[in-house]
Amino acid sequence: MNDRTGHYNWRGILRCILWGLLISIPTVGIVNVAILATPHVRGIGFRPELRYGINATVCIIVCVLAAFRHTQITRSSRSTRSRFIFETLTIAVFLLFLLYRRGGEELALQSLPALTLLVLSIFALSPQGHRVASLSAVTIVLAYVVGALEVFGVGLSFASERVGSTGRIELRDISKDTWNVEHRFMTLRSGANIHYVDEGRGPVLLFLHGNPSYSFQWRGLVQQLHGSFRCVALDYPGFGFSSAPSGFGFTPAEESASVEEFVDRLGLRDITLVMQDWGGPIGLAFAERRPELIRGMILGNTWAWPSDNRTTLGKFSVIAGGPIGEFLQTSFNGFTRMGIQNGIVKKLPASTLDAYIAPSVPPNKRGVGSFYPGQIIAARDFFEGVERNLGRLRDKRALIFWGLHDVGFPRSDIDRFKQIFPVHHVVEFPNADHFFFEDEGEEMIPEIRNFVDSSQSSSGTVDPDHQES
């Protein structure tokens, strides 16, 4: 921007930049609210092209350019408003065209409300640029601080996506020192490509993971037990390094059906299920359909009944499964990172934490992490079915582990499982959290050995009045 002498008017340039940042502060917020409010399936229906790192960057650039352009048009044209509107609409149409080319009609329609509000914000705020000179020093400093936070958020968003030169995370990126197993894959009839590990020989232990996690969570137990048992752990479709076919709904009922087909394909029998978090309802639903395949139950920090928003678990579902949870997960991989870190008492090595987070580093793999908290309430019919059919498993022996630091699964849940499984043994861990096997894995090994060995030697007859300690 030149003054009348042909020299750059640095004061005018800085004023335009400042005003552009001021415009961007409310605009970024408005655009993100519009993206999250546009109807879509929470989590899995979110388009990563609209994540914060991208949309905030576009908003900031467009707002700063609008401030410069409005100043230029005001100085050189009598038809200021119409020309500015035309140029702004042209930019919006161009952005819409790019989104259409990138993701088709669906992406274009989902981004349309946000683009509309971006344009309206620019129309409303850009003409107020002359007021910059009258702003107080406090307002100017605050604008720069908030603008810096926006830019920091953009950097944080992109930093969560760094995956090296390949542009993605692969199993070979996880070191053998962290996870030393043979990685296998199986394609189900649905088209889902299942990643799993199958280590050792002997009585079958089938490990079912929770969210946000995948089969990696069981690596410590598998390493310690595969010398005596056949340890099988899979990633459900859409989780970990498993992929889901087009049209897959990712519901717990579908995941449970996938587990059942997986078991049939491997020909597993006399299974001891090892379940935590979502592994509980997904595994129990499978066991209810096929009780003849199940030898016993090992479970912890899980549930098998409907929840509502009056419970701690239900409140978590509303927050983590709602717009806030989706925003943090899809834009920053926040739910995965915070869920892992806050669910373990001890400090994990950096390589272990990186491996936990690895599958959800690509933005298009993150949605399932924010979809599943919402299913705690949304999948009520599924949970009612699981609870209704628990009587089919009453004759199964159960080993119950419980991390008492986990506020989402209080000790009262243990009592419910005691009623479900009359023959049970409970091991409480006062110093463990949601991922109790990370905190107390060494303590679990002899308990699991004793439980499976005694299950193998039992006749299968259960005295409903007998309870183990």
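This is a predicted model: local features need pLDDT of at least 70, side-chain atom pairs count only at pLDDT 80 or more; totals for chains, interfaces and linings use all residues.
Residues are numbered from 1 along each chain as its sequence is written, and side-chain values use heavy atoms, with hydrogens and water left out.

**Strands**

Helices (H or I, at least four residues) and strands (E, at least two) are DSSP runs, numbered from the N terminus. Strand β6 covers residues 294-302. Eight of its nine residues are buried. Buried means under 20% relative accessible area, exposed over 50%, and partly exposed in between (1.4 Å probe, protein chains only).

Strand β6 pairs with β5 (residues 271-277) in the parallel sense, over seven bridges. Two strands pair if DSSP finds at least two bridges between them. Val274 stands opposite Ile298 in β6. Strand β6 also pairs with β7 (residues 397-403), again in the parallel sense, over five bridges. Here Gly300 has Phe401 in β7 as its bridge partner.

**A bent helix**

Helix α3 runs over residues 80-125. A straight helix of 46 residues would span 68 Å at 1.5 Å a residue, but α3 spans only 14 Å between its end C-alpha atoms. The expected span is 1.5 Å times one less than the number of residues. Helix α3 has a kink of about 135°, centred on Gly103. The bend at a residue is the angle between axes fitted to the seven residues ending there and the seven starting there.

**Cysteines**

How many disulfides are there? The count is zero. A disulfide is a pair of cysteine sulfur atoms within 2.5 Å. For Cys16, the closest cysteine sulfur is 13 Å away in Cys63, too far for a bond. For Cys59, the closest is also in Cys63, at 6.0 Å, again too far. Cys16 is buried at 4% relative accessibility. Cys59 is buried at 2%.

**Aromatic pairs**

The model has 30 aromatic pairs. Rings of Phe, Tyr and Trp (its six-membered ring) pair if their centres lie within 6.5 Å; planes under 30 degrees apart count as stacked, over 60 as edge-to-face and the rest as tilted. Two of the pairs are set out here.

| Pair | Centre distance | Plane angle | Class |
|---|---|---|---|
| Trp179 and Tyr214 | 5.8 Å | 75° | edge-to-face |
| Phe239 and Tyr372 | 5.3 Å | 70° | edge-to-face |

Trp179 lies in the loop between α4 (137-159) and β1 (183-187), and Tyr214 in the loop between β3 (204-208) and α5 (219-225), 35 residues apart. Both Trp179 and Tyr214 are buried.

Phe239 lies in the loop between β4 (230-234) and α6 (252-266), and Tyr372 in helix α12 (residues 367-378), so this pair ties together parts 133 residues apart in sequence. Phe239 and Tyr372 are buried too.

One aromatic cluster includes Trp179, Tyr214, Trp218, Tyr356 and Phe401.

**A loop residue**

Asn364 sits in the loop between α11 (350-357) and α12. Is Asn364 buried or exposed? Asn364 is exposed, with a relative accessible area of 59%. Asn364 and Asp381 are 17 residues apart in sequence and 28 Å apart in space, C-alpha to C-alpha.
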